[in-house]
Amino acid sequence: MKIHLIFLVIVSFGIHVAAYSQTPAQIKSVASGENQISRSKMQEIYEEVKTPYKYGIVLMPSDTGEMVDSPTIFRKNGKWYMTYIVYDGRGYETYIAESNDLLHWEKKGKILSFTENTWDANQKAGYPALVDKEWGGEYEIHSYQDKYWMSYLGGATRGYEAGMLGVGMAYTKRPTKAKEWNRIEDPVLLPEDKNARWFENNVIYKSSIIRDDRRLTDHRFVMYYNAKGDTANYESIGMAVSDDMLTWERYGKDPVITEHEGICGDAQIVKLNDLYVMFYFGAFWKPGAFERFACSRDLVHWTKWKGEDLVAPSEDYDRKYAHKPWVIKWKGTVYHFYTAVGKYGRVIALATSKDPGESTLPVKSD
C-alpha cells in the first residue's frame with residue numbers, strides 16, 4: 001500500500017501544495033539517510049570491480065553488413081551462454097552463443113526473429129531476466145512459474161532504433177537452445193502510456209529485470225530501463241516493478257540515474273555483500289561512450305561513482321565507443337563484456353581484472 005506525503009512548497013506569491021506517492025522503502029531510506037554511500041566505500045567497490053586489462057574482441061558479426069551489440073551472460077548446466085543482438089539494416093534480432101571458458105564463443109542461432117504485422121515486427125532486442133546477481137556467484141538463469149523470461153526492446157519501424165520503441169516480454173522452457181522464444185502479444189511498457197513519466201515519454205530502450213529477494217520495493221521483480229523524454233533530449237535510467245512479469249508499474253516520479261545530458265543506460269545489477277552495484281554506460285556528457293557504476297542499499301537511491309571509467313576507448317577496436325556492460329566475477333577474475341565500436345565495426349569485447357599474459361586466462365587466439 002502506498003503512503004502519500006504532502007509537501008508544502010512556500011513561494012513568494014503564496015503556498016503551493018504538491019502531492020506524490022512514495023513507498024515505505026523510499027520513505028525509510030530518505031528519512032534515515034541510508035541511501036548515501038561513502039566515498040571510501042565507493043573506492044573499495046571500484047577496486048573490486050575494475051578491469052584495466054583489455055583482452056580483445058570475443059564476438060564479431062557473421063557478415064560485414066551486420067552489427068552485434070548488448071551482451072547478457074549466464075550459466076546453465078556447466079556452460080556459459082551469451083545472448084546478443086544483431087542489427088542488419090532492417091532492425092534488431094536476438095541470438096545466442098555458447099562458451100566453456102568465457103573467452104571463446106560459438107554462435108548457436110537466433111531466439112527472437114522478425115515477424116510480420118505485429119507491434120514488434122522489425123525490432124526484437126532481447127535481454128534475459130532473473131540472472132543470478134550475486135557477485136562471484138553461479139550466474140545461473142532462474143525461472144518463474146516454470147518459465148524463463150526475457151524483456152526486449154520492440155518496435156514496428158524498420159531502421160536503427162527507429163520509430164516508437166517499447167518493452168515486450170517473452171518466455172521459454174529452454175533458455176540455452178537456439179529456438180524461438182514465445183512472445184507475449186502486447187507490449188508491457190510504451191512511451192505513449194498514459195502514466196509515462198517526463199523522462200520516458202518519447203522512447204524506451206534497453207531493459208534489465210532482477211528479482212527483489214528482500215522486497216525492498218514491496219514487489220517481486222524490478223526492471224531498470226533507459227528512456228528519453230519528449231522535452232529532454234537525453235537518456236536516463238528509470239524503474240518499474242511487477243509481481244507477475246506481465247503487469248508492470250512505473251516506480252517513482254524521476255529517473256534513478258541521469259546526467260541531464262547525453263546518455264545513461266543499459267543497467268546491470270549485481271549484489272556485492274551488503275550493497276547493490278549498477279553497471280551502466282555513459283555517453284556524450286563527456287567525449288565518447290564509457291562504462292560507469294553506481295551503488296545502492298535499497299535498489300532505489302543510487303550513489304554514482306565519480307572516479308575513473310571502468311572501461312573507456314583505448315584500442316583500435318573500441319576507439320569510438322566502449323559501452324553497454326555485462327560484468328561478472330568468476331574464479332577470482334572479473335570479466336567485463338561490452339560493446340566496442342571502432343576499426344572492426346560494432347563487436348563484443350572483453351576487459352578483465354588480470355593481465356592475460358600473467359594470469360591463468362587462456363591465450364587469446366586470432
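Is threonine 258 buried or exposed? At 13% relative accessibility, threonine 258 counts as buried, where buried denotes under 20% relative accessible area, exposed over 50%, and partly exposed the range in between (1.4 Å probe, protein chains only). The structure is a predicted model, in which local features need pLDDT of at least 70 and side-chain atom pairs count only at pLDDT 80 or more, while totals for chains, interfaces and linings use all residues. Residues are numbered from 1 along each chain as its sequence is written, and side-chain values use heavy atoms, with hydrogens and water left out.

**Threonine 258 and its surroundings**

- Threonine 258 is located in the loop between strand 15 and strand 16 (263–272); helices (H or I, at least four residues) and strands (E, at least two) are DSSP runs, numbered from the N terminus.
- A polar contact of 2.6 Å joins the side chains of threonine 258 and serine 236; the term denotes a pair of N or O atoms within 3.5 Å, and within protein one must be able to donate a hydrogen and the other to accept it, with residues adjacent in sequence counting only if both atoms are side-chain atoms.
- Leaving aside residues up to four places away in sequence, threonine 258 touches Tyr234, Ser236, Cys264 and Lys304, contact being defined as heavy atoms within 4.5 Å.

**Salt bridges: total and network**

- The model has 21 salt bridges, each being a side-chain nitrogen of Lys or Arg within 4 Å of a carboxyl oxygen of Asp or Glu.
- Salt bridges link Asp193, Arg197, Glu200 and Arg250 in a network.

**Arginine 250 and glutamate 200**

- In the salt bridge between arginine 250 and glutamate 200, the closest N and O atoms are 2.4 Å apart.
- Arginine 250 belongs to strand 15 (residues 249–251) and glutamate 200 to the loop between strand 11 (182–183) and strand 12 (203–211), so the pair ties together parts that are 50 residues apart in sequence.
- Arginine 250 is buried at 9% relative accessibility, and glutamate 200 is buried at 0%.

**Lysine 329 and glutamate 48**

- A salt bridge (2.7 Å, N to O) connects the side chains of lysine 329 and glutamate 48.
- Because lysine 329 lies in strand 20 (residues 321–330) and glutamate 48 in helix 2 (residues 39–49), this pair ties together parts that are 281 residues apart in sequence.
- Lysine 329 is partly exposed, with a relative accessible area of 23%, and glutamate 48 is partly exposed at 26% relative accessibility.
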